[in-house]
Amino acid sequence: MFNHSGRRTALMGLVAAGALALTGCAAPADDGTVTITYESWTPSQEVMDNIIEAFEAANPDIKVEAKLLPYADYVTAIKTELASGTGPDVFDLQAGGMLAEFQSLLEPLDELASAELGDDWAASYNEDALAQASIDGTAYGLPHGFQTAGGLWVNVSLLEANGLEVPTAWDELVAASSALRAAGVVPLAIGAKDDWMLIDVFSAMSNAVAPGEQYDAMEGRGDWTSDGLVASFEAFSAIFSDGVAQDGAAGATTYTDTFDLYADGKAAFFANGSWNQDMFVNAADRIGAFEAAVVQMPTPAGPAPVIGGIGGLLAVNKDGDQKAAAFKLAQFMSSGEGQQILIDGSLDFAVTVEPVEPGIEISDNAREVRAQLTALLTDHLAGYREVPDAGVKSALGQALLKLAAGTISPADAAAEVQAAAAD
Amino acid sequence: MSIATARRRPDWRRSPAAILFILPCVAVFGVFLAYPLIRNAYVGLFEWNGLTSDTVWVGLENFIWVFTSPAVFGTAVNTLVFGVITIALQMGGGFLLAVALSGPGRLRQVLRTLYFIPVVMTPVVVGFLFGKILEPNDGDLRNLLDAIGLGALNHAWLADPSTALVAVALVNVWLWVGFAMSVYQSALTTVPKELIEAARIDGARSHQLVTQVLLPFLRPTHWALLTLSVIGTLKTFDIVYVLTRGGPSGSTELPTTLLFRTGFEEYQQGRAAALGTVIFLVALALTIIQLRVARKGDER
């Protein structure tokens with residue numbers, strides 16, 4: 001309705017015309033090349049430069065202009081740009097609630113993909129990965145970087161130095177945390193200021209305490225106030241009340257507060273996803289001093305499974321005028337040569353059926369951790385990662401943060417999330 | 001007949017050129033202030049995710065949410081506490097610094113500059129800086145306290161709901177006290193020397209000079225700073241967002257951070273717009289009240 005306002009349309013048209021005139025990205029240049037724009041919060045500038053160089057070499061008639069922003073700034077920017085009709089040709093979204101909100105602005109990719117890759121293009125993708133980039137069976141983006149979350153990173157060397165073994169049960173984790181505290185070592189470093197981190201840890205734990213019930217609640221088949229989920233909230237809060245988490249966890253971010261604690265060898269445990277493997281590439285000089293491992297997160301109900309999801313999905317702007325070229329870039333980064341460059345930079349897992357391993361030299365410890373994560377992914381994957389509804393995701397994040405700060409009971413936390421689900 | 005009523009009312013029909021002169025101002029006001037405000041209030045009447053053209057008319061529902069939501073009420077309480085702490089310390093500290101550092105001298109000049117430096121720093125940078133200083137496990141404050149044997153004083157200031165708001169407010173004071181100091185310094189230069197000399201001849205001691213001469217004389221400056229500080233409090237966003245994101249448990253949530261979360265994380269642009277409209281109206285009302293009170297004070 002707002003877009004139908006005459007004045008607004010005229011104003012937006014003026015803005016769009018001005019933007020196009022400034023960027024010159026609308027029409028092919030005299031030499032026949034077209035310029036497309038890419039925006040995201042990932043990968044790093046260095047990796048993106050490598051991708052652009054390889055893509056332009058493979059597609060000399062297409063130039064790419066990339067803009068990378070920190071995640072929070074990116075979300076604000078992309079919303080504003082798309083709403084005003086000045087969005088980029090290709091952009092990154094998270095699966096779940098974010099994809100659902102942006103759906104009507106995205107080009108359905110079946111036609112473009114069939115034209116570029118053939119009718120059976122979807123068969124080359126990991127089914128779960130492509131499903132997370134789709135709504136009702138229609139792909140609205142191409143996935144990149146399959147990741148797991150909810151596992152527990154361990155500094156094995158630090159445990160050994162304190163006479164401790166890697167805990168496999170909740171009581172062992174609590175006892176180890178107590179011993180570590182006494183020795184002046186940070187036990188579990190968890191960035192509880194990040195709602196995504198809390199949701200990852202909770203989701204893994206809930207699938208140990210009450211398997212499947214969180215997915216039932218997220219998909220409308222159950223309530224967040226079920227006994228199983230209340231018990232899950234209780235198990236989650238024990239991380240903080242039983243002294244497992246570091247002091248001041250509720251005020252810490254994963255990047256870089258808790259990452260620093262772990263990478264600098266000051267924390268014995270670290271809550272983070274498989275994407276943390278990139279520390280073997282980007283922080284190798286810091287973590288070389290200790291042996292890292294990834295294990296299942298212990299819970300009072302036993303070891304937690306992991307949850308899995310794509311790092312993002314590369315979407316094509318529905319209102320863009322270079323959709324074919326835009327799709328080529330998305331495909332290049334998702335499953336083409338660009339995927340290899342991305343994996344070399346992040347050590348993520350491939351989203352394609354065909355496995356893709358890092359093409360760079362990595363340490364023996366990095367290979368061991370990668371094998372541990374692969375085993376978790378293969379044998380202990382509970383389900384998808386992203387909460388499908390943005391409102392529920394926000395409410396869940398807030399409720400978990402209150403639990404982390406000890407200002408709410410598990411039952412009340414569950415009730416708050418249920419209220420958001422019913423809203 | 002009073003002077004006010006004796007003034008001739010301008011007859012716009014007889015001086016069309018005057019309209020042309022004020023037209024640019026009116027146009028700028030209309031395009032950049034009035035239109036966005038009205039538009040924002042209008043958006044508040046819809047359910048809208050801020051992205052697409054799909055909207056649902058909900059009437060005053062979003063405004064009712066603003067006035068009934070416990071989350072919004074919590075931000076009002078937090079704003080009050082945050083405002084009282086920051087305004088009192090900024091103005092009080094700024095005044096004392098201005099008095100202490102007024103006058104000639106290289107050291108005073110250096111100190112004035114040092115106190116003013118935070119004002120020109122972006123709050124985001126200051127937020128990151130203090131985030132690192134206050135980090136409870138390996139932060140600079142903890143390491144300092146440990147080094148001097150005061151480790152028992154360590155505390156997770158930003159992670160404890162009972163201390164987070166005060167901690168953020170104090171960082172905000174650090175950021176802006178130099179601004180208040182500079183304003184008071186400028187105002188102090190307008191104090192007539194004769195007034196000070198007369199007070200001294202009458203036997204006024206230093207503290208009496210400050211409390212009974214300077215403070216009353218600077219009343220217009222107090223009101224100006226108070227007005228700016230109240231508006232600044234209602235607009236505070238970046239320093240809180242970087243330091244705590246409104247947490248933990250909403251203990252530092254301000255209307256602006258809630259607005260951001262509602263609009264950009266929960267995709268409820270209608271509610272965010274309604275909240276923004278109410279914030280504006282509150283700021284407008286408070287400013288009008290302060291100006292009227294200040295004017296009455298001046299008339300006395």
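**Cavities, a pocket and the chain contact**

The largest cavity holds about 50 Å³ of space. The structure is a predicted model. Lining this cavity are Trp196(A), Ile199(A), Asp200(A), Arg385(A), Glu386(A), Val387(A) and Lys393(A). Helix α9 of chain A, residues 195-209, gives the most to this lining, with 3 residues. By class, the lining of the largest cavity has 4 charged and 3 nonpolar residues, and no polar ones.

The count of cavities of 30 Å³ or more comes to 2. The second largest cavity has about 30 Å³ of volume. Residues of chain B line it: Ile133(B), Leu134(B), Glu135(B), Pro136(B), Leu141(B), Arg142(B), Asn154(B), His155(B) and Trp157(B). Two helices of chain B, α6 (123-134) and α7 (140-147), each supply at least two residues of this lining. By class, the lining of the second largest cavity divides into 5 nonpolar, 2 polar and 2 charged residues.

Pockets, unlike cavities, are open. The second largest pocket contains about 1300 Å³ of space. Its lining counts 46 residues, and the closest to its centre are Asp423(A), Trp65(B), Glu266(B), Gln268(B) and Arg271(B). The lining of the second largest pocket has 18 polar, 16 nonpolar and 12 charged residues.

The two chains also touch. The contact takes 38 residues from chain A and 37 residues from chain B. The size of an interface is often given as the accessible area lost when the parts come together. Chain B and chain A bury about 3300 Å² between them. Of this area, 55% is on carbon and sulfur atoms.

Polar pairs also cross the interface. There are 14 residue pairs in polar contact between chain B and chain A, both residues at pLDDT 80 or more. On the side of chain B that touches chain A, five elements each supply at least two residues: α2 (16-43), β1 (46-48), α12 (238-243), α13 (255-265) and α14 (269-299). Helix α13(B) gives the most to this side, with 5 residues. The residues of this side of chain B divide into 17 nonpolar, 11 polar and 9 charged.

Charged pairs come next. Side chains of opposite charge can pair when their charged atoms come close. Over all chains, the structure holds 20 salt bridges. Across the interface of chain B and chain A there are 5 salt bridges. In a salt bridge, the side chain of Asp257(A) meets that of Lys132(B), with 3.5 Å from N to O. A further salt bridge joins the side chains of Asp260(A) and Arg286(A), at 3.0 Å from N to O. This pair links distant parts of the chain, 26 residues apart. Asp260(A) is in helix α12 of chain A (residues 254-263), and Arg286(A) is in helix α14 of chain A (residues 284-287).

Most residues other than glycine have a negative phi, and most peptide bonds are trans. The peptide bond from Thr42(A) to Pro43(A) is cis, with omega near 0°. Pro43(A) lies in the loop between β1 (34-40) and α2 (45-58) of chain A. In chain B, the peptide bond from Gly247(B) to Pro248(B) is cis, with omega near -10°. Pro248(B) sits in the loop between α12 and α13 of chain B. Both of these helices also supply residues to the side of chain B that touches chain A. Asp136(A) is not a glycine, yet its phi is positive, at about 50°. Asp136(A) is found in the loop between β4 (134-135) and β5 (138-139) of chain A.

Note on methods: Residues numbered from 1 in each chain as written. Chains lettered and ligands numbered in written order. Predicted model: local features only at pLDDT ≥ 70, side-chain atom pairs only at ≥ 80, totals over all residues. Heavy atoms only, no water. 1 Å grid on protein atoms, 1.4 Å probe; cavity = no way out; pocket = protein on both sides within 12 Å on 5 of 7 lines; lining within 4 Å. Points joined across faces, edges and corners; volume = space filled by probe spheres on them. Nonpolar A, V, L, I, M, F, W, Y, C, P; charged D, E, K, R; others polar. Contact = heavy atoms within 4.5 Å. Buried area = accessible area lost by both parts, 1.4 Å probe. Salt bridge = Lys/Arg side-chain N within 4 Å of Asp/Glu carboxyl O. Polar contact = N/O pair within 3.5 Å; in protein donor to acceptor, adjacent residues only side chain to side chain. Helix = DSSP H or I, 4+ residues; strand = E, 2+ residues; numbered from the N terminus.
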